[in-house]
Amino acid sequence: MLKISLFLIFTVAKVRAYEITGGSADTLIVAGERLELSCEIDGEYDFCSWSYSDDTWACLTNVNADGEELPCEDQERATITGTEGSCTLGLEDISLDDQGEFTCLVAKIEGTEVVKSVHLINVEVAMPAGVEFGGDIADVEDKWMLLEDEEVTFSCHGNGGTPAAEVLGFVGSDEGINEDEDAALDETMLEELENGDDDRLLDITKEFTFTPSREDCGKYLKCSAKQMNADGELLFEDVPQIFKQIMVVYPPQPHDEEHSAGFNEETGEP
């Protein structure tokens, strides 16, 4: 029993001589940007490596390269930098193909043993969505002719993005969307599907209803596709928008007052 206790104490002591105490959290990054991941290290270590997705590729640095940014042999877009308290991976021009799990491994050689500490980070990559009309409105080249007080339904598609786009519909006086002035449209249906060209992307469809009045003649039906992070912040500043002008057709209206011409029977003049 004593031998076992001493072995456990010695093992714990070796592990705690250095360890990864923190680092980058799971992250969402916009495609094309530079990804930077780090792990924070308490204590001395001999070497550090970063690897991607079951060792598809890996980078390595050691204590003798303190503060030096080294290229990765297996990934030309990546570099690794080790310092006394951290180990950092840099990856340029991030893409959907870089989405997945990254592993920081820090190790120290203790006699004939290699003591390790590991930190895992999951990376998701944001891709911009496009937006387009669906239904009858999509077939209209110029203006959409609508009948007064007759409800219409049309759809908007936020296609080919990740994370899923928030598709919004509006009616307003100008072409561009102004959420403070435009009236939001009622939603009747929401559908989320994998993109047909790339199953890592998502297609969102929303259906809207609109009942035009005479005052809506000349206004615009509009849609946008916003993509947000977990904090509710826009991932892409240029939010895609579309619009279509409407004309409202209504029957002739009776005059409020009927006017008749007077006639002087004696003179024959009006």
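**Cysteines and disulfides in a predicted model**

Biologist: Is C217 buried or exposed, or something in between?

Modeller: C217 is partly exposed, because its relative accessible area is 34%, where buried means under 20%, exposed over 50% and partly exposed in between, with a 1.4 Å probe and protein chains only. This is a predicted model, in which local features need pLDDT of at least 70, side-chain atom pairs count only at pLDDT 80 or more, and totals for chains, interfaces and linings use all residues. Residues are numbered from 1 along each chain as its sequence is written, and side-chain values use heavy atoms, with hydrogens and water left out.

Biologist: How many disulfides are there in the whole structure?

Modeller: A search of the whole structure finds four disulfides, each defined as a pair of cysteine sulfur atoms within 2.5 Å.

Biologist: What does C39 pair with?

Modeller: C39 is joined to C104 by a disulfide, with an S to S distance of 1.9 Å. The pair links distant parts of the chain, 65 residues apart, with C39 in strand β3 and C104 in strand β9; strands here are DSSP runs (E, at least two residues), numbered from the N terminus. Both C39 and C104 are buried.

Biologist: And C48 with C87, which hand is that disulfide?

Modeller: The disulfide of C48 and C87 is left-handed, because the torsion about its S-S bond is about -100°.

Biologist: What about C156 and C223, which hand there?

Modeller: That disulfide is right-handed, because the torsion about the S-S bond of C156 and C223 is about 70°.

Note on methods
Helices (H or I, at least four residues) and strands (E, at least two) are DSSP runs, numbered from the N terminus.
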